[in-house]
Amino acid sequence: MKCRQTERALPALIDNEIAAPWRRAIEVHLQNCASCRARCAEIRASHNVLRSAINAYPRIAASPDFDARVWQKIAAREAQTLPLWLRIDAIFARPLPKLAASATGGIVFGFLLVAPLLLANRGASSNDGAGVAALARGEISPEVFYTRHDAHLWLDFALSPGAPRPQTSNKENAWNAESRAGALPPSLLSGSLC
Amino acid sequence: MSFHFVAPRLRCTNQTEQSSDADAQLVARCQAGERAAFEILLARYRNRVVNLAHGFLGSRDDAEDAAQDVFAAAFASIHTFRGDAQLWTWLYRITVNQCLHRKRRAKPCENRDDAGGDENPGTTRDESAVVVARLGVESALDELSPPLRAVLVLREMHDLTYEEIAAALQIPIGTVRSRLNQARREFKIAWTRSEES
């Protein structure tokens, strides 16, 4: 056995981490080689110093509430494994539901902003017959009624050959209004709507 | 010619074999959902795990917190333990991973106990010397990289064999041997420097 191989094996030899055949071979070499023997003693002394230094490091005992805290952590982990629908906090901790919640909030907020305007124009755009009823009761004039319902455009289109076809989609509005407006003035009912 | 060291199980006495058998039974009971069995394992290994974490992290509070996380993780994944390794090797592996994870997250020099540690102001000269020695060891350990510190702590503080360290860190035995040599060299240099200063 050579000195270089022996020196490589010395830490493991000192740690008792070497197989018996190799141990015997190294020990034979050490008996015959003074320099390797000195090196072995040096490493052993170094290990002992190191070990005694490290052994100065305090050994500590777990605190009395250690087990209780372990069980708390176990319970917390188990709570994490509950179905998602049972955990509102977890739902909102995820990015996608956060995004969905933000989007829903934005839509609701936007609706609240726009709702007054929609309600203000409701009479002008709805085809629920409210405008017709108002017309029948004489609360609004036929001009106002047809202005609101775009019906005058369709009447113009129906009665005047050169009039442009209306681009609005309120044809049905006008038609429904007409069909339900029994009290409409005959002059306005003389033409037919397309 | 090259060496192939076979790590002998020098400390694999009858007592440890019986302990392993008992561990295997406890693990089986834990896997069957018996919490009382886990309480026994907890009582058996809590101090070892806390001390191992303390060797890594240097702070008692951090060590306890990490050890609690280790047992919580062990409880959650005990069904995956198939008995290929010793139970405590498995626990050591979880502990090492947990500590390395915490070391990566922690800022440098953040996780150290105070100079006084657990000692009170009225310590004697001998106790002060112990504290100084401990601080020297701590600062020397802090200078090691986490992989080197891991092998040194497992070997010198916890008397694990090369094979057990290899199993705990999931590295080859040859790597354990080379890292241990390097760790000892670096620790000695750092410790000597701290002693001189």
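What percentage of the contacts in chain B with a separation of 6 or more comes from residues 24 or more positions apart? Such residues account for 65% of those contacts, a contact being heavy atoms within 4.5 Å.

This is a predicted model, in which local features need pLDDT of at least 70 and side-chain atom pairs count only at pLDDT 80 or more, whereas totals for chains, interfaces and linings use all residues. Residues are numbered from 1 along each chain as its sequence is written, chains are lettered from A and ligands numbered from 1 in the order in which they are written, and side-chain values use heavy atoms, with hydrogens and water left out.

**Stop 1: the two chains**

Select chain B and display the secondary structure. There are eight helices and zero strands; helices (H or I, at least four residues) and strands (E, at least two) are DSSP runs, numbered from the N terminus. Of the 197 residues of chain B, 46% count as buried. The classes used throughout are buried (under 20% relative accessible area), exposed (over 50%) and partly exposed (in between), with a 1.4 Å probe and protein chains only.

Now select chain A. This chain has 12 helices and zero strands. Of its 194 residues, 31% count as buried, and residues 24 or more positions apart account for 44% of its contacts with a separation of 6 or more.

**Stop 2: the interface**

Show both chains together. Contacts join 51 residues of chain B to 38 residues of chain A. The area buried between them is about 4400 Å², with 60% given by carbon and sulfur atoms; buried area is the accessible area (1.4 Å probe) that two parts lose on being put together, summed over both.

Across this interface the rule finds 17 residue pairs in polar contact, both residues being at pLDDT 80 or more. A polar contact is a pair of N or O atoms within 3.5 Å; within protein, one must be able to donate a hydrogen and the other to accept it, and residues adjacent in sequence count only if both atoms are side-chain atoms.

Next, colour the helices of chain B that face chain A. The largest share, 11 residues, comes from H3(B). By residue class, this side of chain B divides into 25 nonpolar, 10 polar and 16 charged residues; Ala, Val, Leu, Ile, Met, Phe, Trp, Tyr, Cys and Pro count as nonpolar, Asp, Glu, Lys and Arg as charged, and the others, Gly among them, as polar.

**Stop 3: a loop residue of chain A**

Select A:Ala61, in the loop between helix H3 (34-55) and helix H4 (66-80) of chain A. A:Ala61 is partly exposed, with a relative accessible area of 41%. Not counting residues up to four places away in sequence, it touches B:Asn47, B:Arg60 and B:Glu64.

**Stop 4: salt bridges**

Over all chains the structure holds 21 salt bridges, each a side-chain nitrogen of Lys or Arg within 4 Å of a carboxyl oxygen of Asp or Glu. Nine are found across the interface of chain B and chain A.

Begin within chain A, where the side chains of A:Arg39 and A:Glu7 meet (3.1 Å, N to O). A:Arg39 lies in H3 and A:Glu7 in H1 (residues 3-14), so the pair ties together parts that are 32 residues apart in sequence. A:Arg39 is partly exposed at 30% relative accessibility, as is A:Glu7 at 38%.

Move to B:Arg46 and A:Asp67, whose side chains form a salt bridge (2.8 Å, N to O). B:Arg46 lies in helix H2 of chain B and A:Asp67 in helix H4 of chain A, so this pair joins two chains.

Within chain B, select B:Arg102 and B:Asp65, which meet in a salt bridge (3.0 Å, N to O). B:Arg102 is in H4 and B:Asp65 in H3, 37 residues apart. B:Arg102 is buried, at 12% relative accessible area, whereas B:Asp65 is partly exposed, at 26%.

Finally, select A:Asp15, A:Glu17, A:Arg51, B:Arg155, B:Glu156, B:Asp159 and B:Arg184, which are linked in a network of salt bridges.

**Stop 5: helix H6 of chain B**

In H6(B), 10 of the 12 residues are buried, so the helix is largely enclosed by the rest of the structure. Among them are B:Arg155 and B:Glu156. After H6(B) comes B:Asp159, with a positive phi near 55 degrees.
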